[in-house]
Every structure is written in C-alpha cells, then in structure tokens.
Amino acid sequence: MKIGLGIGLVNKNFSGSGGATPPVNTVSPVISGTTTLGSTLSCTTGTWTGSPNTFIYGYQWRRNGVAIIGANSNTYVTVIEDSEAVITCVVTANNCNIALPSNTVAPAISGTAVVGQTLTTSNGTWDGTPLTYDYRWFRGSTLIGTNSNSYTLLQADAGNTSNITCIVTANNTAGSANATSNQIAQILTVRTSAFLTASAISNATIRGGLNTFDIGLIANSLDTKMRAVYPFVADGADNNARALQHRWNFMDARNLDAAFRLAFSGGWTHSSNGALPNGTNAFANTFLVGSAEFNTTSFNHLSYYSRSNTAKVFEYVMGSFDGIGNHGMIIRRDTNLGFLVSDYPSGTSFRTASATVTDGRGLFLGSQTGSNLKLYKNGSVIGSNSSATLNAAQSTRSIYIGALSQPITTSFTDKECAFASIGDGLTDSEVTSLNTLVTNFQTTLGRNV
Amino acid sequence: MIGYKLKTEQKDLLIGQQFAPDQYFNPVPNIDGVYFIFEGEVENCVNEEFMWVKDLPTAEYVPPIINNL
C-alpha cells in the first residue's frame with residue numbers, strides 16, 4: 001500500500017454571485033497514518049481561501065484513482081484490497097451551497113420546574129453545521145426570555161398549565177432555522193414544592209390543587225397573613241401513613257413544633273377526604289400558642305372547613321383555652337355556632353360573634369380586625385361584634401384542632417376537618433377571597449360541600 | 001360509643017405516649033372517672049410497647065357532664 005497526497009478541489013457548483021469568490025486551496029490536504037492492514041488513515045482539510053470563508057468539506061477516498069464506495073469521511077480504515085494500491089483522498093471545499101441548518105433532534109429543557117429554579121435547554125441536534133444559536137423562552141405565547149440557553153422561573157410562571165418552551169434558532173452562513181423544545185407544563189410555587197416534598201405526596205390532583213391554592217394566596221396577598229394552613233391532604237396507603245401527611249403546615253413544611261406542624265392525639269381517622277376526629281378524645285396540637293402569636297395588638301383569625309353537619313352541643317371545633325378562663329380564640333358550637341375571643345376570667349364578658357346555624361358544613365371563619373369581631377360562613381358575615389377590643393393576655397396554651405386544651409375539656413368535636421388556617425385578622429374582602437380559594441381547592445379534590 | 005376501658009395504672013402508662021409516628025394516646029375519663037381510649041388508637045397502634053391495648057376490654061363510654069367553658 002502506498003499513500004498519495006490529498007487533493008483539494010473547488011466545488012463545481014460555485015456561482016460567484018454577490019461578490020463571493022470561490023474556494024482556493026493554498027495548502028494541500030495531508031494524509032497521515034500507517035500503511036498496515038486495518039490501520040486508520042486521516043486526511044486534513046488543507047488550507048483554503050475564499051469569500052465567504054466558511055467551508056463545508058467533502059471527502060472521497062480513492063484506490064489507484066478510483067473512488068472507494070462509502071469512503072466519504074475524513075478517516076479511512078485500510079482493507080486487503082488496498083495492498084499494493086495507491087490510496088489518495090480528494091477534499092472538496094464548498095462555500096456557496098451551504099445548506100440551511102436542519103434540526104434532527106429537538107432541543108430538550110432540563111431543570112426543576114419550581115419558581116426560582118433555572119431551566120436549561122440543549123441546542124438539539126442539527127444538520128447544516130450551525131455556527132451560532134439564539135434562544136427565545138415562552139410561557140404559552142408570551143415571550144419571557146431571550147439570549148440565553150437558561151431561564152430562571154418567576155412567580156408569574158407558576159401554574160399547572162404554564163407551558164414553558166424554548167425556541168432555539170440555529171444560524172449558519174446560509175441562514176437560520178428554528179426548533180421548539182419540549183414543553184414544561186406545570187411550574188410549582190416554592191411553598192407547594194416544599195410541602196409536597198415534606199409530605200411525600202405524589203398524587204397529581206393534590207399537587208395541582210395545592211399549586212393553584214398557593215398561587216391564589218400570593219395573588220391576593222393572603223400568604224403574608226397566614227401563620228399556619230392545614231390542607232389535610234393525603235395519598236398514603238393506610239391510616240398511619242395518612243396521619244403523617246395530614247400533619248404538615250403548608251406555610252412552613254418542616255417537621256418541627258416551631259413550624260406548627262400538627263401532632264395528633266386520641267382517635268382519628270385519616271383519609272383523602274380529611275381528618276375525622278372521633279368526637280370523644282381526638283385533638284390535634286398546632287403548637288401555636290395564643291399568648292405568643294396573638295397578642296393584644298395583633299388581629300387574628302381562625303378558619304375550619306368541614307363537610308360534616310353534626311350538631312354536638314358545646315362542641316369546640318378549634319381554639320385555645322388555658323383552663324382557668326383565658327380563652328384565646330375559639331370556634332365553638334353551643335346553642336349557636338360562635339366565634340369567641342376573650343381575655344377575661346371565666347364567666348365575665350366573653351367577646352363573641354355568633355349566629356344560629358343549621359347547616360354546619362363549609363368554611364367557618366372567625367376574624368378580628370381592630371375592635372370588630374366577625375363570624376363568617378362560606379365568605380359571608382353571619383355574626384359580628386363591634387366592641388371586642390382585646391386588652392389583656394390570651395391563653396398560654398396551644399391552639400388545638402378538634403378540641404381545646406386536652407385534657408381539661410371533654411368538648412371534642414366529631415366534625416371532619418378538610419382545611420384549617422390560623423393567622424392575622426382578615427377583612428371582608430380577604431375572607432371572600434380565601435373562601436373562593438378554599439372552595440376551588442376542595443372542588444379540585446372532589447370534597448367540596 | 002364503645003371504648004376500651006383502662007385501669008388507673010394502665011391510663012398512667014399511656015398518657016401522651018406514641019402509638020404510631022406522631023400520634024399519641026389520649027385517655028379520657030367517663031362519667032364515673034374511669035378512663036378510656038378508643039378505636040383509632042387501638043387499631044392504629046404499632047408501638048410494640050403498647051400492643052397490649054389490643055386486648056383491653058370494651059365498654060360503652062358515657063362522657064362526663066360537659067363543662068360549659
């Protein structure tokens with residue numbers, strides 16, 4: 001086997017239009033490698049001039065001047081037929097018939113689909129030797145980012161049908177072509193993501209419902225008013241697994257008393273519909289102490305959503321009571337349903353907003369703003385007291401769900417709980433907004449009233 | 001409501017103890033001061049130390065007179 005020089009040839013199809021000049025070979029291609037059977041020979045492109053000075057190279061290996069079929073790359077592995085033959089390689093330079101980029105594998109977005117995280121797109125795979133790439137990020141049809149192969153997700157991107165895509169434009173001297181990436185449909189809020197991770201919930205309906213709920217909280221500026229939100233969602237396999245999922249505070253999904261996650265005592269039934277106390281000894285400790293969180297200058301609210309229409313007398317659904325008369329905040333039912341705030345010793349001047357309620361289902365919410373104490377059902381005021389200014393210490397015990405302070409009271413509830421919240425006092429319009437969010441959330445989960 | 005009847009020393013052993021992860025016993029008295037726990041606690045108990053609650057006798061639970069707070 002003998003090796004000849006590579007030969008540079010000008011592309012025959014050169015048209016010479018627009019001031020362009022054809023390729024001119026100034027340094028011949030060179031073949032390197034050994035002449036033993038099975039060795040790999042390589043051929044350089046040589047050096048070329050021309051305008052434009054971007055070239056696409058073609059290769060044709062020859063045996064004794066005859067083209068070897070299929071030998072069209074810059075390398076060639078010798079075979080038995082090459083013995084005693086002269087091997088050459090013809091290199092063709094082309095600077096006018098460069099093809100437009102053509103996408104063969106679509107760009108792919110990677111990253112975590114959570115607000116604040118960065119998504120990155122690959123370029124995909126292209127024919128036509130792109131020289132540069134441009135990027136345009138879209139949320140639906142809205143342009144949200146350019147000039148980078150990465151994009152950091154904003155709160156405005158959060159949603160279950162956000163549809164984030166990136167159009168990658170590949171450019172070469174012949175022009176440009178576009179290719180669209182895969183679509184990232186659901187973008188979670190930071191809080192939803194943290195809650196789902198902590199509770200190990202993977203159910204898609206719960207995931208979407210919580211995401212929509214949190215987006216609504218943020219959009220209505222309600223997120224800053226919530227100390228604790230208990231959505232009572234679960235997809236665990238048994239009662240104990242679901243209890244561990246029901247305990248999380250959506251606002252702070254850490255397994256700490258200081259994060260106000262729930263601890264359940266007594267007899268509870270935990271299901272995908274919520275947490276059902278047995279009405280006899282079941283309660284959940286929020287670890288949220290009335291006197292620490294609800295002082296005389298803060299304005300407060302409690303809410304409780306249930307599909308149960310039970311009517312126990314002296315039923316304490318949720319609140320804080322220290323056993324000696326300092327009640328803190330309470331949602332209770334005696335002859336009427338009531339929301340009570342008190343800082344007085346037992347038996348004197350409870351500040352109460354109450355109403356007679358025959359249907360105990362839905363979202364009941366008590367709220368104090370200034371001296372106004374109000375009881376709401378499903379977003380509407382059903383009881384009020386405009387002389388309810390607090391002026392002394394509240395209960396030093398935790399707020400409990402399903403009872404007051406164990407074991408002092410025996411007034412446990414048997415109402416299933418599917419949502420509860422504790423936080424700042426809310427205005428009428430804020431209560432209306434929260435009710436809409438909670439109602440939509442329960443409807444999504446198929447457990448609305 | 002049917003509950004599981006406890007002797008005093010059994011009640012003292014159970015108060016505030018875990019029967020499953022992050023779930024705790026809450027014995028409560030009946031009208032006569034006898035303490036009870038209930039189905040949710042007994043059925044879901046996975047704490048080996050307290051598996052004996054599954055052998056407790058059952059009885060009708062009559063709550064004490066409600067204290068109107």
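This is a predicted model: local features need pLDDT of at least 70, side-chain atom pairs count only at pLDDT 80 or more; totals for chains, interfaces and linings use all residues.

Student: What percentage of the residues in chain A is buried?
Tutor: Buried here means under 20% relative accessible area. Chain A has 449 residues, and the buried ones make up 49%.

Student: Among contacts in chain A between residues at least 6 apart in sequence, what share joins residues at least 24 apart?
Tutor: Contact means heavy atoms within 4.5 Å. Take the contacts in chain A between residues at least 6 apart in sequence; the share that joins residues at least 24 apart is 64%.

Student: Are α2(A) and α5(A) roughly parallel or roughly antiparallel to each other?
Tutor: Helix α2(A) covers residues 204–219 and helix α5(A) covers residues 428–444. Their axes lie 9 Å apart, at an angle of about 170°. Angles over 145 degrees count as roughly antiparallel. Therefore α2(A) and α5(A) are roughly antiparallel.

Student: How many nonpolar, polar and charged residues are in the contact of α2(A) with α5(A)?
Tutor: From α2(A), the residues that meet α5(A) include Leu210(A), Phe213(A) and Leu217(A). Those they meet in α5(A) include Leu434(A), Leu437(A) and Phe441(A). By class, the contact of α2(A) with α5(A) has seven nonpolar, four polar and no charged residues.

Student: Which element gives the most residues to the largest nonpolar core?
Tutor: This core has 29 residues; Leu210(A), Phe213(A), Leu217(A), Val233(A) and Leu434(A) touch the most other members. Elements of chain A that give two or more residues to the core are α1, α2, β19, β29 and α5. With five residues, the element that gives the most is α5(A).

Student: Which residues does Phe213(A) contact, leaving aside its neighbours within four places in sequence?
Tutor: Phe213(A) is in α2(A), where it takes part in the contact with α5(A). Leave aside its neighbours within four places in sequence; its contacts are then Val229(A), Phe250(A), Phe419(A), Leu434(A), Leu437(A), Val438(A) and Phe441(A).

Student: How many residues does the second, separate core have?
Tutor: In soluble globular proteins, nonpolar side chains tend to be buried together. The second core is separate and includes Phe260(A), Trp268(A), Ile401(A) and Ile422(A). Its size is 21 residues.

Student: How many bridges join β14(A) to β17(A)?
Tutor: The two strands run antiparallel. One opposite pair is Arg136(A) with Ile167(A) in β17(A). The number of bridges joining β14(A) to β17(A) is eight.

Student: Which residue in the turn between β14(A) and β15(A) has a positive phi?
Tutor: These strands pair in the antiparallel sense over four bridges. Trp137(A) stands opposite Gly145(A) in β15(A). The hairpin leaves two residues between the strands. The turn residue with a positive phi, about 65°, is Gly140(A).

Student: How many of the seven residues of β23(A) are buried?
Tutor: β23(A) pairs antiparallel with β20(A) over three bridges, and three bridges join β23(A) to β32(A). Phe264(A) stands opposite Ala284(A), while Asn285(A) has Tyr400(A) as its bridge partner. β23(A) is mostly covered, and its buried residues number five.

Student: Is Ser271(A) buried or partly exposed?
Tutor: Ser271(A) is found in strand β21(A). Beyond four places in sequence, Ser271(A) touches Ala234(A), Arg242(A) and His246(A). Its relative accessible area is 22%, and buried would need under 20%. Ser271(A) is therefore partly exposed.

Student: What is the C-alpha to C-alpha distance between Ser271(A) and His246(A)?
Tutor: The two residues are in contact. They are 25 residues apart in sequence. From C-alpha to C-alpha, the distance is 9.0 Å.

Note on methods:
Residues are numbered from 1 along each chain as its sequence is written. Chains are lettered from A and ligands numbered from 1 in the order in which they are written. Side-chain values use heavy atoms; hydrogens and water are left out. Axes are lines fitted to C-alpha atoms, for helices over the stretch in contact, and angles run from 0 to 180 degrees between N-to-C directions. Angles under 35 degrees count as roughly parallel, over 145 as roughly antiparallel, 65 to 115 as roughly perpendicular and the rest as oblique. Ala, Val, Leu, Ile, Met, Phe, Trp, Tyr, Cys and Pro count as nonpolar, Asp, Glu, Lys and Arg as charged, and the others, Gly among them, as polar. A nonpolar core is a set of buried Ala, Val, Leu, Ile, Met, Phe, Trp, Tyr and Cys residues joined through side-chain atoms within 4.5 Å. Buried means under 20% relative accessible area, exposed over 50%, partly exposed in between (1.4 Å probe, protein chains only). Two strands pair if DSSP finds at least two bridges between them.
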